[in-house]
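Okay, thanks for coming, everyone.

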Amino acid sequence: MDLSLTETEQLLGQSVRDFVTRSAGKDRLVDLHAQRAPSPSDWLGAMASAGWLGLLIPVDCGGSAASPMEAAMLFHELGRGPVPPAWLLTAGVCAPLLSAAPDSALRTQALREMASGESVVVPAFQVAGTRWAGVRPIACDGSLTAELTFACGVEDSTHIAVPVSCRGEESYALVPTTHSGVQSRPLTGFLAASYAVSITDLDLDEIRLVPTALSSERHEHGLALAAAMVSAYQVGSCERLLEVAVAHANERVQFGQLIGAFQRVQDHVVRIVNGLDSARWVLYDALASTDDATAFISKAWLARAAAIDAHWEAANAAHEVLAGIGSDPAHGTVLHTAMSRLLHDLLGDPSYCRRRHGEAEGWFTSLD
Amino acid sequence: MDFQLTYSAEQTEFRAEVREWLEGETPQSLRTKARSEAESALQYQDRRTFGRKLGERGWLYPSLPKQYGGSGESFERIIVLEEESHRLGVSLPPYYDSGGKYGAASILVWGTEEQKQKFIPPICRGWVRTWQLLSEPSAGSDLAAVQTRAVRVGDEFEITGQKVYVGSAHGAERLWVITMSDPDAPRHHNLSWFMIDADLPGIDIQPQDLLSCHGEDESDIFGFKNTIYFDHVRVPASSLIGGENNGWKVAGTHLALEHGGRGNIRTKKIWGQLLEYCQTQTVDGRPLIEDWSVRERLAEIHLRLESVRLLGARNFWLAAQGTKMTYEGPQLAYLQKLTGLWLTKQIIELLGPPALTNDEQLGALAGEAERQQRDGIVDMHPGGTADIQKMLIARGLGLGAKSKG
């Protein structure tokens, strides 16, 4: 048994952490969030030139085909920011899903552009009035009309990926966000990083369609890999919440002593670390199982369920440690809190993820 | 034991009188939610006008004695007033008046007769809106550690310091402030309270944004908190309440009320909205309520909210009977806080992402679900954190008391 990270994994994690510290520090993220501004343009170039956007893309499509554990290091560090979600969604969600599509020239071209940063693709999978039940294709007859809700990262993206079924063929439609047939509306409230996307009579002949098979084993594997990457991001955010809570508990004095000396405050911090470590190690177990596709899929969904709940709970517990100051947007904790809510239902809520795990384990045969 | 509220003929007659009066006098603008900051600001003017009309009848603070501007109403008649105002979607008072609510009650106990005559009637009649000023950057849970200094200078005090998480939008006329008045005195023997005008020279009020800021009442979402700076503010010594360096005892009265000691009889509005949403909303073409897991979760939410409601009613009844409470106030505060936070997860698991936006088209429960997501977090802290409430419950139960000898 060896549970240590490899030198490559550690170096990758450190270089991403350096980038986040240098370019996406707390104050900058707070400003961006307050202004609802897109990410600075230099981030895209920096991430692309570092090769981070192509970690989960095959070499022949311009990526580096890094191991899932290496890729998880990237998203873990981005989650510590938390850096806005577009980069997670293009490199950690859409890249594995499109990589899982059968070989085709369109697939290769799309992945090459994603690896180079020429395109930033975020998923828009949720049809209005539905709950997540896997990637379900939208039936089309040559043109696409859809109301898609809760799409994240649209402000930083060039394309949205929409699963469609057209004339019996399943594919991901890569719809340019600037297309005249596409309108996106930022949602208000807690989900300030989420959009409603309206697509009207979009001629699919004008749109790049990457053929895929949504119910294939390869796609299921790609989806599980995407779920694991989102989990890594959430584990990173939990880790940062722990650091913030511990730092505050060791600085703040009330009743003549550091609040970290109070058992009730300690309890909150312990809640965070327990959730964090559980989510981290369930995730690492999944990432170490990628040679066995069936085991990986099962463990990836378990990791996703653990990460969602750990993230939610870590945010709550951090707020209990920080009290009033944690509710001040300038403090930065609210960014993590909002992300714990934003990602709660991405690729399925905890209940869905647990059922996927049970299904993969063969405890039952249908999610219904 | 009878949980059913029953009313005498006189009380029923009073209800008819209250209903007719409220129907006629409650501004139309207060019966719907403001949709913008501008609407909220206009609404605030109506709230104050309405407050003054309530004050003329002694109904703004009906439990306070008549001689100070209340109406000294009985427990049952106060319930009637609460129920009838709630029926129209307004609260009593119809604006955020923390300093009025807790300040007036504290002055009633600790003020001189002259101070009662001076400070309580303007609150009860709605002439002034008053904010409470307790927390400071370095003194939150530990209220006794406040550093805002009050220094006696002849017939005046000079106040210097900073208070945070104060008030709401639209300003206030009076401030109910706890200060540190003797740096050399022992802890709990160095504090003093003041009821002062908010427009004195040297007072600077700056808006403070938080994840969630309540507005003027439950229906108003356009609020914010404030940071208030005092720069050598001169206040008359006659505004000192309860005596110099006696502030911790005054704080005991204030905090007992703030920590749930008054109770309440209201149901949480979001329950009805949640039930209706699940009964009427279809997801994937199927009403949410048809899902057994939705039914089970709804029942669990109802159980938690009912428990809190009944404990609120218990405290309300105990307070009205004049029964001394020990742990009951903080118990209610603790369970309200905890349930609010717990509810956030229940709601998102029931409703999914529509619980996280107040978008007009996509937001569930007309935006109230999203508001609960933020309020559930932020409400854990004001009036004493959940941890502080637990400590007070334990103290009320006598835990550890013997170890002090």
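Predicted model: local features only at pLDDT ≥ 70, side-chain atom pairs only at ≥ 80, totals over all residues.

Before any surface numbers: accessible areas here come from the Shrake-Rupley method with a 1.4 Å probe, and for residues only the protein chains shown count as cover. Residues are numbered from 1 along each chain as its sequence is written, chains are lettered from A and ligands numbered from 1 in the order in which they are written, and side-chain values use heavy atoms, leaving out hydrogens and water.

Let's start with chain B. Its accessible surface is about 17,900 Å², and 52% of that belongs to carbon and sulfur atoms. Of its 405 residues, 55% count as buried, meaning under 20% relative accessible area with a 1.4 Å probe, protein chains only. Its radius of gyration, taken over C-alpha atoms, is 22 Å, which agrees with the value near 22 Å that a compact globule of 405 residues would have. That globule rule is 2.2 Å times the number of residues to the power 0.38. The C-alpha atoms fill a box of roughly 75 × 50 × 50 Å along the principal axes.

Over to chain A. This chain has 368 residues, 59% of them buried, and it exposes about 13,900 Å². Chain A comes to 11 helices and 10 strands; those are DSSP runs, H or I of at least four residues for helices and E of at least two for strands, numbered from the N terminus.

One helix I'd like you to find is α10 of chain A, residues 333-342. Why call it largely enclosed by the rest of the structure? Because 10 of its 10 residues are buried. Among them are H336(A) and R341(A).

And how do the chains meet? The contact, meaning heavy atoms within 4.5 Å, takes 39 residues from chain A and 44 residues from chain B. Between them the chains bury about 3,400 Å², 57% of it on carbon and sulfur atoms. Buried area is the accessible area (1.4 Å probe) that two parts lose on being put together, summed over both. On the chain A side, look at R131(A), F255(A) and R264(A): they supply 19% of the area that chain A buries against chain B, more than any other three residues.

Terms used. Buried < 20%, exposed > 50% of the residue type's maximum accessible area, 1.4 Å probe, protein only.
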